[in-house]
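Thanks for coming. I will take a few minutes to walk through one chain, starting with the whole and then turning to some side chains.

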Amino acid sequence: MDEAAAILEMHDGNALEAIRTLLAERDAVEEKLRFASIAMGHGFTRGWRTRLPGKFIGEG
C-alpha cells in the first residue's frame, strides 16, 4: 500500500489531521536530534553537526 494512502486511512481520510500528525512527528524527531547533538559534544564527532534544510540542530 502507498504510505500516503495508509496515513490518510489512519486518519479516516482527514488530510488536515494527517498533516498535523506528520508535523508533530517531525517536530519530535527534530527535538531528539537536537538533544543527541548536544549530548555527543563536538569532540566526539570531530565538528560534525546535524543539519536540517536551512538550519543547524542545536542553534537558536
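A residue counts as buried when its relative accessible area is under 20%, as exposed when that area is over 50%, and as partly exposed in between. By that rule, 13% of the 60 residues in this chain are buried. Please keep in mind that this is a predicted model. The accessible surface of the chain is about 5000 Å², and carbon and sulfur atoms account for 60% of that.

Now the secondary structure. The chain has two helices and two strands. Going along the sequence, the order is α-α-β-β. Helix α1 covers 3–10 and helix α2 covers 15–44.

Let me start with the loop between those two helices, where H11 is found. Is H11 buried or exposed? Its relative accessible area is 17%, which is under the 20% limit, so H11 counts as buried. What does H11 touch, once residues up to four places away in sequence are set aside? The answer is E17, A18 and T21. With T21 there is also a polar contact, side chain to side chain, at 2.8 Å.

As a general point, side chains of opposite charge can pair when their charged atoms come close. How many salt bridges does a search of the whole structure find? It finds three.

One of them joins E17 and R20, with the closest N and O atoms 2.8 Å apart. Both residues are in helix α2, and because they are three residues apart there, about one helical turn separates them. E17 is partly exposed, at 33% relative accessibility. R20 is partly exposed too, at 46%.

The other bridges involve R26. R26 pairs with D27, and their closest N and O atoms are 2.8 Å apart. R26 also pairs with E30, where the corresponding distance is 3.8 Å. E30 and R26 are four residues apart in helix α2, about one turn of the helix. Through shared partners, these salt bridges join R26, D27 and E30 into one network.

How do the members of that network stand in terms of accessibility? R26 is partly exposed at 43%, and D27 is partly exposed at 39%. E30 has a relative accessible area of 13%, so it falls under the 20% limit and counts as buried.

To recap: H11 is a buried residue in the loop, and R26 has salt bridges to D27 and to E30. That is all from me.

Terms used. Residues numbered from 1 in each chain as written. Predicted model: local features only at pLDDT ≥ 70, side-chain atom pairs only at ≥ 80, totals over all residues. Heavy atoms only, no water. Buried < 20%, exposed > 50% of the residue type's maximum accessible area, 1.4 Å probe, protein only. Areas by Shrake-Rupley, 256 points an atom, 1.4 Å probe, with all protein chains shown as cover. Polar contact = N/O pair within 3.5 Å; in protein donor to acceptor, adjacent residues only side chain to side chain. Contact = heavy atoms within 4.5 Å. Salt bridge = Lys/Arg side-chain N within 4 Å of Asp/Glu carboxyl O.
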